[in-house]
Amino acid sequence: MQPTIDRIVHYKSKIDNGPGGDVVSPAIVIRTRATTVPAVIERWGPTPRTVASASDPTVTHETAARPDGVVAELPDDTVDLIVFGLGQTFREYAVPYGQGRGQWSYPERRGDSMTHDYLISLIRTGVPAGIGALLAWLASQAGIVLDADSSTALTAGVVALTGAGYYALVRALESRWPRLGVLLGTPAAPTYKVDDREAAGQ
């Protein structure tokens with residue numbers, strides 16, 4: 001996912017406060033690579049000045065001095081931020097994406113994570129079952145027909161075994177080549193989080 005202006009993200013302070021002391025603040029993206037106009041940044045001088053509109057010289061704008069750290073071209077996933085610190089609001093320029101100090105990251109999705117994982121689990125369960133049913137139907141179309149009493153039970157067994165085998169095979173391949181998870185309907189596997197109290201044995 002590419003960052004966009006006005007997106008709320010997390011910014012981890014550049015200051016090392018020791019183990020467990022990292023400060024993470026909310027921030028808003030104010031410039032990305034896609035929204036940068038290099039020519040404007042390059043003309044932005046170190047001192048304030050009046051800028052006139054190209055189409056109407058009567059329309060002017062007073063600029064501030066170009067801050068240190070502002071670059072004409074931002075690398076991919078690098079943004080300028082307004083950071084809402086506990087004591088003050090400040091700007092950070094050319095901030096790279098990551099989990100380290102002086103980097104930005106997307107907030108963890110909490111509210112809909114359970115619903116999202118539930119839907120993923122349904123898809124990844126339903127697709128193998130559908131594959132099994134399809135193979136059973138193809139077998140019937142190929143002339144593999146049993147008597148009525150045996151056909152229903154055998155079809156159910158074939159669907160179950162084929163679906164389970166297909167799921168196991170794709171999961172084994174997915175562990176080595178994650179992109180193959182799409183063969184289960186979605187490349188993303190559901191995540192199962194243990195409650196803090198359960199993890200603590202309470």
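So, which side chain does Lys 14 meet in a salt bridge? It's Glu 92, at 3.4 Å from N to O. By salt bridge I mean a side-chain nitrogen of Lys or Arg within 4 Å of a carboxyl oxygen of Asp or Glu.

Quick housekeeping before I go on. This is a predicted model, so local features need pLDDT of at least 70 and side-chain atom pairs count only at pLDDT 80 or more, while totals for chains, interfaces and linings use all residues. Residues are numbered from 1 along each chain as its sequence is written, and side-chain values use heavy atoms, with hydrogens and water left out.

Okay, back to the charges. The structure has five salt bridges. Strands here are DSSP runs of E, at least two residues, and they're numbered from the N terminus. The cut-offs are under 20% relative accessible area for buried, over 50% for exposed, and partly exposed in between, with a 1.4 Å probe and protein chains only.

Next up, Arg 101. Arg 101 forms a salt bridge with Asp 16, with the closest N and O atoms 3.1 Å apart. Arg 101 is in the loop between S6 and strand S7 (104-105) and Asp 16 is in the loop between S1 and S2, so this pair ties together parts 85 residues apart in sequence. At 39% relative accessibility, Arg 101 is partly exposed, whereas Asp 16 is exposed at 52%.

Arg 101 also meets Asp 22 in a salt bridge, at 2.9 Å from N to O. Asp 22 belongs to the loop between S1 and S2 too, so here the parts tied together are 79 residues apart in sequence. Through shared partners, Asp 16, Asp 22 and Arg 101 end up in one network. As for Asp 22, 33% relative accessibility makes it partly exposed.

Now the rings. A search of the whole structure turns up four aromatic pairs. One of them is Tyr 97 with Trp 104: the centres are 4.8 Å apart and the planes are at 65°, so we call it edge-to-face. The rule is that rings of Phe, Tyr and Trp (its six-membered ring) pair if their centres lie within 6.5 Å; planes under 30 degrees apart are stacked, over 60 edge-to-face, and the rest tilted.

How accessible is Trp 104, buried or exposed? Buried, at 0% relative accessible area. Tyr 97, on the other hand, is partly exposed at 40%.

Trp 104 also pairs edge-to-face with Tyr 106, at 5.0 Å centre to centre and 85° between the planes. Tyr 106 is partly exposed, at 21%. Tyr 97, Trp 104 and Tyr 106 make up one aromatic cluster.

Five strands form an open sheet with antiparallel pairing, in the order S6-S5-S2-S1-S7. S6 and S7 are the edge strands, each pairing on one side only. Two strands pair if DSSP finds at least two bridges between them; S2 and strand S5 (residues 79-84) have four, in the antiparallel sense. Ile 28 stands opposite Ile 82 in S5.
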